Amino acid sequence: MKNTTAVGLRAEQLASEYLTKKGYTIVGRNFRNRYCEIDILATFSEYICLVEVKYRKNNLYGGGVEAINSDKKRRLRNAFEYWLSQNSQFSSKQPRIDVVSVDSSGAIELIENAI
C-alpha cells in the first residue's frame, strides 16, 4: 500500500500542473490554519480560487465533490475567508472554491465553483 501523504502530494502536483496548463496562476500551496488545510490557491481571470484536490482510487463511492461533506465545506470557507483577510493584494478578485478530482489512472476533472 502506498503512503497516503505521498499519494496526496502527487495528486496535488498533478492538479497544479493541470491548472497551470488551463491558465491558472498558482499563488500558494498547502496553507494551514486552525480551520483546515488549503491545497492550492490560484488566480484565474477575475477570480482568486481555493482549489481542493481530491484523490479517488475509483468512483465506487462518488467523485471528488461527493467526498466533501458539509463540515469540510464549512471549514474550507472559513479557511478561505481567513486567508483572504491576510492577503489583501487579492481583494479585487472574486473568491471561488473549485475542486480538482484526480483518479488512480491520472485522469483529472476540474469542477469550477463547486462549493
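S16 is a residue of helix 1, where helices (H or I, at least four residues) and strands (E, at least two) are DSSP runs numbered from the N terminus. In this predicted model, local features need pLDDT of at least 70 and side-chain atom pairs count only at pLDDT 80 or more, while totals for chains, interfaces and linings use all residues. Residues are numbered from 1 along each chain as its sequence is written, and side-chain values use heavy atoms, with hydrogens and water left out. With a relative accessible area of 5%, S16 is buried; here buried means under 20% relative accessible area, exposed means over 50%, and partly exposed lies in between, for a 1.4 Å probe and protein chains only. When residues up to four places away in sequence are not counted, S16 touches I26, R29 and I40, a contact being heavy atoms within 4.5 Å.

The structure holds 2 aromatic pairs, and in one of them the ring centres of Y24 and F44 are 4.4 Å apart with the planes at 15°, so this pair is stacked. Rings of Phe, Tyr and Trp (its six-membered ring) pair if their centres lie within 6.5 Å, and planes under 30 degrees apart count as stacked, over 60 as edge-to-face and the rest as tilted. Because Y24 belongs to the loop between helix 1 and strand 1 and F44 to strand 2, the pair ties together parts that are 20 residues apart in sequence. Y24 counts as buried at 3% relative accessibility, whereas F44, with a relative accessible area of 23%, is partly exposed.

F80 lies in helix 2, which covers residues 70–86, and counts as buried at 4% relative accessibility. Leaving aside neighbours within four places in sequence, F80 is in contact with I38, L41, I48, C49, L50, P95, R96 and I97. One of these contacts, R96, also lies over the face of Y47, at 4.4 Å from the ring centre; a charge sits over a ring if NZ of Lys or CZ of Arg is within 6 Å of the ring centre and within 35 degrees of the ring normal.

The largest pocket is lined by 24 residues, of which T4, V7, G8, L9 and Y55 lie nearest its centre. A pocket is an open set of points on a 1 Å grid over the protein atoms alone, where a 1.4 Å probe fits, with protein on both sides within 12 Å along at least five of seven lines, and lining residues have an atom within 4 Å of a point. Helix 1 gives the largest share of this lining, 9 residues.
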